[in-house]
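These are my notebook entries from going through one structure. I wrote down what I looked up, in the order I looked it up.

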Amino acid sequence: MPHSLRQADIAVITLSKPIEQSPVVEYAKLQDGIIEAGDNITIYGWGRINIQKIPGVSETPLFPSRLLKASLTLIELKDKQLVLKDPIQSACHGDSGGPLVSSDGKVSGIVSFGDPQCRPGHNNTYTSVSA
């Protein structure tokens, strides 16, 4: 799919009844304030962390056994997208749909797409939840 068609790739699911909040289940708070270029934002996900290279065998993606997080810097705000990058960390396959959480603990975006090789230092693009 061309990147121009991915500007707001959010699906909304309507449930037949509300999810009950409890000590272990809370509703996410959506960003209602202003976030700016230069802000540090945290992504959470279960995405690929490495490629295991076994001689004579094809490469095998490695996925984490626990939820991971990474802090990235917001570099650009587009119409319905947030662009982040970090020289050391990156979102990767399996992180799509995960939350992008600003420093005030509110969800600012959802992991959308990035560098196909998941290389740090390349742009990661997120759909803004306020779009």
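**Entry 1: terms and ground rules**

I began with pairing: two strands pair if DSSP finds at least two bridges between them. The elements are DSSP runs numbered from the N terminus, with helices being H or I over at least four residues and strands being E over at least two. I noted that this is a predicted model, in which local features need pLDDT of at least 70 and side-chain atom pairs count only at pLDDT 80 or more, while totals for chains, interfaces and linings use all residues. Residues are numbered from 1 along each chain as its sequence is written, and side-chain values use heavy atoms, with hydrogens and water left out.

**Entry 2: the whole chain**

I looked up the elements and found zero helices and eight strands in the protein chain. From the N terminus on, they read β-β-β-β-β-β-β-β.

Next I looked up burial. Buried means under 20% relative accessible area, exposed means over 50%, and partly exposed lies in between, with a 1.4 Å probe and protein chains only. Of the 131 residues in the protein chain, 29% count as buried.

Then I took contacts, which are heavy atoms within 4.5 Å. Among contacts in the protein chain between residues at least 6 apart in sequence, 58% join residues at least 24 apart.

**Entry 3: strand pairing**

I followed β5 (residues 81–85) first. β5 pairs with β4 in the antiparallel sense over four bridges, and a hairpin of three residues joins β4 to β5. Thr73 stands opposite Lys85 in β5. β5 also runs antiparallel to β8, with four bridges joining them. In that pairing, Leu82 stands opposite Tyr126 in β8.

Why did I write that β5 is largely enclosed by the rest of the structure? Four of its five residues are buried, so I called it enclosed.

I then turned to β7 (residues 107–114), which is mostly covered, since six of its eight residues are buried. β7 runs antiparallel to β8, and five bridges join them. The bridge partner of Ile110 in β8 is Thr127. On another side of the bookkeeping, three bridges join β7 to β6 (residues 99–101), again antiparallel. There, Val101 has Val107 in β7 as its bridge partner. The hairpin of β6 and β7 has five residues between the strands, and Gly105 in it takes a positive phi near 85°.

**Entry 4: Asn124**

I picked out Asn124, which lies in strand β8 (residues 124–128). Is Asn124 buried or exposed? Asn124 is buried, because its relative accessible area is 2%.

I checked its polar contacts. A polar contact is a pair of N or O atoms within 3.5 Å; within protein, one must be able to donate a hydrogen and the other to accept it, and residues adjacent in sequence count only if both atoms are side-chain atoms. The side chain of Asn124 reaches the backbone nitrogen of Ala91 at 3.3 Å.

Ile35 is in the segment before β1. Ile35 is buried, because its relative accessible area is 14%. Ile35 and Ser103 are 68 residues apart in sequence and 9.4 Å apart in space, C-alpha to C-alpha. Not counting residues up to four places away in sequence, Ile35 touches Ile41, Leu74, Leu77, Leu82, Ser102 and Ser108.

Cys118 sits in the loop between β7 and β8. I recorded a phi near 60° for Cys118, a positive value in a residue other than glycine. Cys118 counts as buried, because its relative accessibility is 12%.

**Entry 5: the largest pocket**

A pocket, on a 1 Å grid over the protein atoms alone, is an open set of points with protein on both sides within 12 Å along at least five of seven lines, and lining residues have an atom within 4 Å of a point. I found 20 residues lining the largest pocket, and Arg48, Ile49, Ser90, Cys92 and Asp95 lie nearest its centre. β1 (40–45), β2 (50–52) and β4 (68–77) each supply at least two residues of this lining.

Terms used
1 Å grid on protein atoms, 1.4 Å probe; cavity = no way out; pocket = protein on both sides within 12 Å on 5 of 7 lines; lining within 4 Å.
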